[in-house]
Amino acid sequence: MPEFRRAMPEAGERVVLTAEVDRFPDVLVPAGMHGTVEYADEGKILLRLDEQVPDLAEWDNCLVWADGLDTEEEQTVAEAFWEAVEAASPAPAP
């Protein structure tokens with residue numbers, strides 16, 4: 001696995017979803033959406049999406065990857081995160 005796919009993303013890093021993210025039963029987020037990493041540590045990564053997703057309103061429009069919930073055996077949260085996203089260019093200026 002490439003080294004960047006194991007590294008913990010940094011807050012402020014821009015990414016695009018390359019896979020559909022299913023947070024059953026709450027929401028299904030399609031591939032192609034962009035977002036900014038809001039928070040990242042060994043147990044959790046929060047990704048704030050640029051486009052509003054009504055079903056994520058109570059989570060402040062953030063997708064969450066959590067250790068034990070979104071990881072498989074021997075997999076880190078960062079590895080699970082990078083399976084669904086790739087780096088993206090910075091957000092356009094307002």
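**Notes on a predicted model: helix, sheet and pocket**

1. Start with helix 1, residues 77–84, which is mostly covered, with seven of its eight residues buried. Buried here means under 20% relative accessible area, exposed means over 50%, and partly exposed lies in between (1.4 Å probe, protein chains only). Helices (H or I, at least four residues) and strands (E, at least two) are DSSP runs, numbered from the N terminus.

2. A word on the ground rules. This is a predicted model, so local features need pLDDT of at least 70 and side-chain atom pairs count only at pLDDT 80 or more, while totals for chains, interfaces and linings use all residues. Residues are numbered from 1 along each chain as its sequence is written, and side-chain values use heavy atoms, with hydrogens and water left out.

3. Back to the helix: which residues of helix 1 are buried? They are Val 77, Ala 78, Glu 79, Ala 80, Phe 81, Trp 82 and Ala 84. These buried residues pack against strand 1, strand 2 (21–23), strand 4, strand 5, strand 6 and strand 7 (85–87).

4. Now for some of those strands. Strand 4 (residues 34–41) and strand 5 (residues 44–49) run antiparallel and are joined by six bridges; strands pair if DSSP finds at least two bridges between them. A hairpin links strand 4 to strand 5 through two residues, and Asp 41 has Lys 44 in strand 5 as its bridge partner.

5. Strand 5 also pairs with strand 6, again in the antiparallel sense, over five bridges. Look for Leu 47, whose bridge partner in strand 6 is Leu 63.

6. Leu 63 turns up again in the lining of the largest pocket, alongside residues including Arg 23, Trp 59 and Asp 70. The volume of this pocket is about 210 Å³. On a 1 Å grid over the protein atoms alone, a pocket is an open set of points where a 1.4 Å probe fits, with protein on both sides within 12 Å along at least five of seven lines; lining residues have an atom within 4 Å of a point. The volume is the space filled by probe spheres set on the points.

7. Strand 6 (residues 62–66) gives the largest share of that lining, four residues. By type, the lining has eight nonpolar, no polar and three charged residues.

8. Finally, is Ala 11 buried or exposed? Ala 11 counts as exposed because its relative accessibility is 58%. Ala 11 sits in the segment before strand 1 (14–17). Leaving aside neighbours within four places in sequence, Ala 11 is in contact (heavy atoms within 4.5 Å) with Val 37 and Glu 38.

Definitions and conventions: Nonpolar A, V, L, I, M, F, W, Y, C, P; charged D, E, K, R; others polar.
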